[in-house]
Amino acid sequence: MKVKLILPSLTEARSPLFRPIKYSLFPPLGLATLAAYLDPDDEVTLQDEHVETLDLTDEPDLVIIQVYITNAYRAYRYADHYRAKGAHVCLGGLHVTSLPDEAAIHADTIFTGPGEDTFPVFLRDFAAGNPARRYDAPLVRSLDRLPPMRRDLIRRPLYLVPNSLIVSRGCPHHCDFCYKDAFFGAGTGFYVRQVDSVLREIESLPGKHLYFLDDHLFGHPRFAGMLFDAMAGMGRVFQGASTVSALLKPGLLEKAAAAGLRSVFVGFENLDPNNLRDHGKVQNLGRDYATAIRRAHDHGVMVNGSFVFGMDEDGPEVFDRTSDWAIEHGVETASFHIMTPYPGTGLYQRMEEQGRLLHQDWERYDTRHTVFRPARLRPEELEEGYWRAYDRFYAWSAILEGARHKPLTAAVRHLAYAGAWKKFEWVWRSLIRMKQVTLGLPLLEKALGLGAKPGRSPIKPAFPIAADRATRHHPVA
Ligand code: B12
């Protein structure tokens with residue numbers, strides 16, 4: 001059987017206004033995960049429109065498309081295209097789960113929730129000539145029998161972070177702006193893989209650098225502790241995400257840093273406790289953000305802060321105040337977002353009930369556009385402020401100011417990391433044009449490793465490593 005898996009480009013990724021490197025970072029792990037359930041004899045292609053031009057001239061029997069909110073219209077166009085050619089088209093992912101009826105118009109089969117349990121069932125039904133129109137993920141889920149994802153289908157040179165991996169699903173918290181509760185529904189909302197399987201995957205990945213794409217890598221303390229203990233001595237440097245409260249608790253951060261954690265993504269979201277309370281971000285309430293940052297820095301871990309603008313208490317002062325705060329606390333990189341009510345979330349429901357949604361053009365639900373009526377800002381004021389926050393935070397003077405009070409190596413690392421990320425756009429663009437984005441990876445590893453404690457030599461793992469597909473097809477990055 002000929003199978004085609006497609007990640008259509010997020011629409012904002014096509015715009016000259018946005019930075020192409022952001023869309024050449026992470027390979028489509030969700031699709032590579034689903035591909036692991038296909039028959040080894042199937043002829044499989046995986047195309048990611050962020051990094052390559054889609055070939056739409058082929059004649060697959062089965063087409064699998066991952067739908068995010070801002071690629072939904074593209075996804076539907078490709079779905080219609082392949083259905084017209086007689087292929088069986090499956091749609092799944094976050095947006096399909098939020099709006100299954102919208103997606104169903106363009107699909108032979110739709111899937112809600114994570115696909116690990118439903119996709120293999122569909123494949124059996126499809127082979128028997130009896131596929132259903134819709135599969136909903138079961139309420140009880142586990143990753144215990146997860147087959148290794150098909151990394152051989154990923155074109156590594158096209159990504160800056162080919163060694164992205166994911167060791168859990170979901171998150172233990174319930175913020176009302178996050179897709180998570182809608183996606184996992186009433187079922188298991190946070191679950192982790194077996195540590196051994198993660199270690200085997202890590203061993204199969206070439207080079208030093210790893211990026212954990214989990215929503216909350218520290219979210220299951222026992223699992224995370226075991227993972228970090230086992231990783232110590234593997235000679236890796238890695239990045240991942242945590243909450244403020246997990247950074248404040250002694251124990252895990254120390255283990256993570258010893259295992260090679262060099263930068264952590266933290267959802268600060270907003271500096272106003274009333275805003276945090278409004279959106280159910282209770283895990284941040286009363287937490288000392290400054291101490292969390294200091295603890296990370298003390299352990300040689302850089303901070304990538306994430307902030308959301310447009311909450312009800314936010315007025316015109318919020319933009320400068322937030323970027324200045326981040327600069328003052330030596331946050332190395334920051335991402336700002338305009339609050340965006342994704343369909344299916346508590347926030348969306350609230351905005352709809354209050355009549356505050358401005359439109360339902362999903363392509364503009366990209367966290368760069370205002371799609372609802374803010375309480376204390378005009379919609380265009382919110383967009384202007386959002387761009388200004390970026391300009392202010394990434395001005396050279398601000399980068400220097402943020403690095404100024406740090407010990408020398410940490411200051412150099414701050415400058416190198418923030419500068420390389422935001423100030424050398426032409427380098428990233430050239431690498432993308434050459435289709436050799438991975439060439440930037442040694443630079444990233446160098447910047448992350450600066451000032452870190454001397455690495456220990458890699459130890460042999462205490463279990464046999466399967467010669468898995470990734471090592472066979474991609475010996476070295
Ligand atoms: C990598 C990533 C990106 C990449 C996306 C490209 C890529 N390579 O996937 C980039 C950097 C471009 C990106 C951009 C953005 N992202 Co992003 N991203 C992620 C991240 C960190 C990992 C995705 C991943 O690999 N997951 C692991 C795999 C296993 O899960 P999965 O992809 O969901 O696939 C599973 C299911 O969805 C399902 N499935 C998916 N497709 C299909 C199809 C079929 C047929 C079936 C059966 C099943 C199925 O089965 C898969 C296996 O379970 C997630 C967080 C997360 N932990 O998931 C956020 C996440 C998806 N991003 C998020 C956000 C907010 C954004 C941005 C808006 C951020 C910003 N301001 O720039 C933008 C734009 C997103 C948009 N417009 O929708 C949010 C939610 C977005 C939403 N509701 O649509 C998430 C969930 C993070 C969060 N917790 O808030 N992101």
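A residue counts as near a molecule when its C-beta atom, placed from the backbone, lies within 6 Å of it. With that in mind, this predicted model shows 36 residues around the ligand, of which Gly30, Gln66, Thr70, Gly92 and Gly115 come nearest. The protein holds 20 helices and 14 strands, and its radius of gyration of 22 Å is close to the 23 Å that the globule rule gives for 477 residues, so the protein is as compact as a globular protein of that length.

**Overall form**

- Along the principal axes, the C-alpha trace of the protein spans about 65 × 60 × 45 Å.
- Of the 477 residues of the protein, 47% count as buried.
- When contacts between residues at least 6 apart in sequence are considered, 77% of them join residues at least 24 apart.

- By residue type, the shell around the ligand divides into 22 nonpolar, 9 polar and 5 charged residues.

**The six-stranded parallel sheet**

- An open sheet is formed by 6 strands in the order β2-β1-β3-β4-β5-β6, and the pairing in this sheet is parallel.
- The edges of this sheet are β2 (43-48) and β6 (134-136), each of which pairs on one side only.
- On average, and with direction ignored, neighbouring strands of the sheet are turned by 15° against each other.
- Strand β1 (residues 2-7) pairs with β2 in the parallel sense over 6 bridges, and within this part of the structure Ile6 stands opposite Gln47 in β2.
- Helix α2 (residues 72-84) lies across β1, β3 (62-66) and β4 (88-92), and the helix runs at about 160° to β4.

**Strand β12 and its partners**

- In strand β12 (residues 261-269), 9 of the 9 residues are buried, so the strand is largely enclosed by the rest of the structure.
- Strand β11 (residues 237-242) runs parallel to β12 and is joined to it by 5 bridges, with Gln239 standing opposite Ser263 in β12.
- Strand β13 (residues 302-309) also runs parallel to β12, to which 6 bridges join it, and here the bridge partner of Ser263 is Met302 in β13.
- Ser263 can therefore be followed in two directions from β12, since Gln239 stands opposite it and Met302 in β13 is its bridge partner, within a strand whose 9 of 9 residues are buried.

**Residues with positive phi**

- Thr367 has a positive phi of about 70° although this residue is not a glycine, and it is found in the loop between α14 (346-353) and α15 (379-393).
- Because a residue is buried if 20 or more other C-beta atoms lie within 10 Å of its own, Thr367, with 20 such atoms, counts as buried.
- Lys435, likewise a residue other than glycine, has a positive phi near 60°, and it is found in the loop between α18 (425-433) and α19 (441-449).
- Lys435 has 13 other C-beta atoms within 10 Å and is partly exposed, this class lying between the exposed limit of 12 or fewer and the buried limit of 20 or more.

Key:
Residues numbered from 1 in each chain as written. Predicted model: local features only at pLDDT ≥ 70, side-chain atom pairs only at ≥ 80, totals over all residues. Helix = DSSP H or I, 4+ residues; strand = E, 2+ residues; numbered from the N terminus. Rg over C-alpha atoms; globule rule 2.2 N^0.38 Å. Contact = placed C-beta atoms within 7 Å. Pairing = 2+ DSSP bridges. Axes fitted to C-alpha atoms, helices over the stretch in contact; angles between N-to-C directions. Nonpolar A, V, L, I, M, F, W, Y, C, P; charged D, E, K, R; others polar.
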